[in-house]
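This report describes one protein chain, part by part. Please look through the sequence and the structure before reading on.

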Amino acid sequence: MKDKNNHLQSQELTNCQKKPIKNNMSYTKRIVGTAVFAALAYVVSMFEFPIFPATPFLKLDFSAVFILLAGFMFGLPFGLGVCAVKEFVCFITKSSTGGVGEIANFIVISGYILIPTLVYMYRKGIKTVVLTLLLGCVVQVILSLLANRFVNFPLYMGDKAQDVFNSVWYFILLFNLIKSVAVSLITIILYKRLSGFIKRI
């Protein structure tokens, strides 16, 4: 009888661990938070700068911090919403690529936040966050190479796309590695402070 009870308790514990951790934040608060983070991401995106003279079109900014924070605090769909709104506003206000760069950015950043924010629904803790952010960095680097090779360069450079990509792909790799790691570190620093504040609103 004890063995049966122990088995049932173990099964219930396993099932509980597989369920998403309940987020008690109201839907209205998430929508408002999404709008605020989208606005912050857009403002921060205006402070961009190149880090490699050979590739001035690769400009570093930290708008993805607010996209990732939204994903952690409100859930993946809201993080994607912040990313979509920010890229759309960038397209209509300051795009120099006719929307090509914004499409590529959405693909890359969405891939970056996917694993960390999904896993965070089921398992919290700094170790989990760090490990999943490392995976997110790897995903961003891979997607940045694919997006530039098959989206950005072909649509923006035409027949010269492959030759140009072959000459700068290592800059793209290094740039996105630096960017994703920097965004991850800043997000970890800010998250605990901001999450407590948002819960009190």
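## Thr 117 and its surroundings

Setting aside residues up to four places away in sequence, Thr 117 touches Leu 68, Gly 71, Phe 72 and Leu 76. Thr 117 is part of helix 5. Its relative accessibility is 1%, so Thr 117 counts as buried. Between the C-alpha atoms of Thr 117 and Val 129 there are 8.7 Å, while along the chain the two are 12 residues apart.

## The chain as a whole

The model is a predicted one. Its secondary structure consists of seven helices and two strands. From one end of the sequence to the other, these follow the pattern α-α-β-β-α-α-α-α-α.

The chain has 201 residues, and 39% of them count as buried. Among contacts with a separation of 6 or more, 73% are between residues 24 or more positions apart.

## Helix 4

Helix 4 covers residues 76–94. With 19 residues at 1.5 Å a residue, helix 4 should span 27 Å, and its end C-alpha atoms lie 26 Å apart, which agrees.

Which residues of helix 4 are buried? They are Leu 76, Phe 78, Gly 79, Val 82, Cys 83, Lys 86, Glu 87 and Cys 90. The cover over these buried residues includes helix 2 (27–45), helix 3 and helix 5. Leu 76, on this list of buried residues, is also one of the residues that Thr 117 touches.

## The salt bridge

How many salt bridges does the structure hold? There is one. It joins the side chains of Lys 86 and Glu 87, with 2.9 Å from N to O. Side chains of opposite charge can pair when their charged atoms come close. Both Lys 86 and Glu 87 are buried.

Ser 45 belongs to helix 2. Is Ser 45 buried or exposed? Ser 45 has a relative accessible area of 2% and is therefore buried, since buried means under 20%. Apart from neighbours within four places in sequence, the contacts of Ser 45 are Asp 61, Ser 63, Lys 86, Cys 90 and Lys 94. Of these, Lys 86 is a partner in the salt bridge, and Cys 90 is among the buried residues of helix 4.

Ser 63 sits in the loop between strand 2 (59–60) and helix 3. Because its relative accessibility is 3%, Ser 63 counts as buried. When neighbours within four places in sequence are left aside, Ser 63 is in contact with Ala 41, Val 44, Ser 45 and Lys 86. Val 44 is 19 residues from Ser 63 along the chain, yet the C-alpha atoms of the two are separated by 5.3 Å.

## The largest pocket

Rolling a probe the size of a water molecule over the atoms shows where empty space is left. The largest pocket holds about 820 Å³ of space. It is lined by 35 residues, and those closest to its centre are Phe 57, Lys 59, Thr 97, Gly 101 and Asn 105. Two or more lining residues come from each of helix 3 (64–74), helix 4 (76–94), helix 5 (100–122), helix 6 (126–157) and helix 7 (161–200).

Which helix gives the largest share of the lining of this pocket? Helix 6 does, with eight residues. By type, the lining of the largest pocket divides into 15 nonpolar, 12 polar and eight charged residues.

Methods. Residues are numbered from 1 along each chain as its sequence is written. This is a predicted model: local features need pLDDT of at least 70, side-chain atom pairs count only at pLDDT 80 or more; totals for chains, interfaces and linings use all residues. Side-chain values use heavy atoms; hydrogens and water are left out. On a 1 Å grid over the protein atoms alone, a cavity is a set of points where a 1.4 Å probe fits but cannot get out, and a pocket is an open set with protein on both sides within 12 Å along at least five of seven lines; lining residues have an atom within 4 Å of a point. Grid points are joined across faces, edges and corners, and a volume is the space filled by probe spheres set on the points. Helices (H or I, at least four residues) and strands (E, at least two) are DSSP runs, numbered from the N terminus. Ala, Val, Leu, Ile, Met, Phe, Trp, Tyr, Cys and Pro count as nonpolar, Asp, Glu, Lys and Arg as charged, and the others, Gly among them, as polar. A salt bridge is a side-chain nitrogen of Lys or Arg within 4 Å of a carboxyl oxygen of Asp or Glu. Buried means under 20% relative accessible area, exposed over 50%, partly exposed in between (1.4 Å probe, protein chains only). The expected span of a helix is 1.5 Å times one less than its number of residues. Contact means heavy atoms within 4.5 Å.
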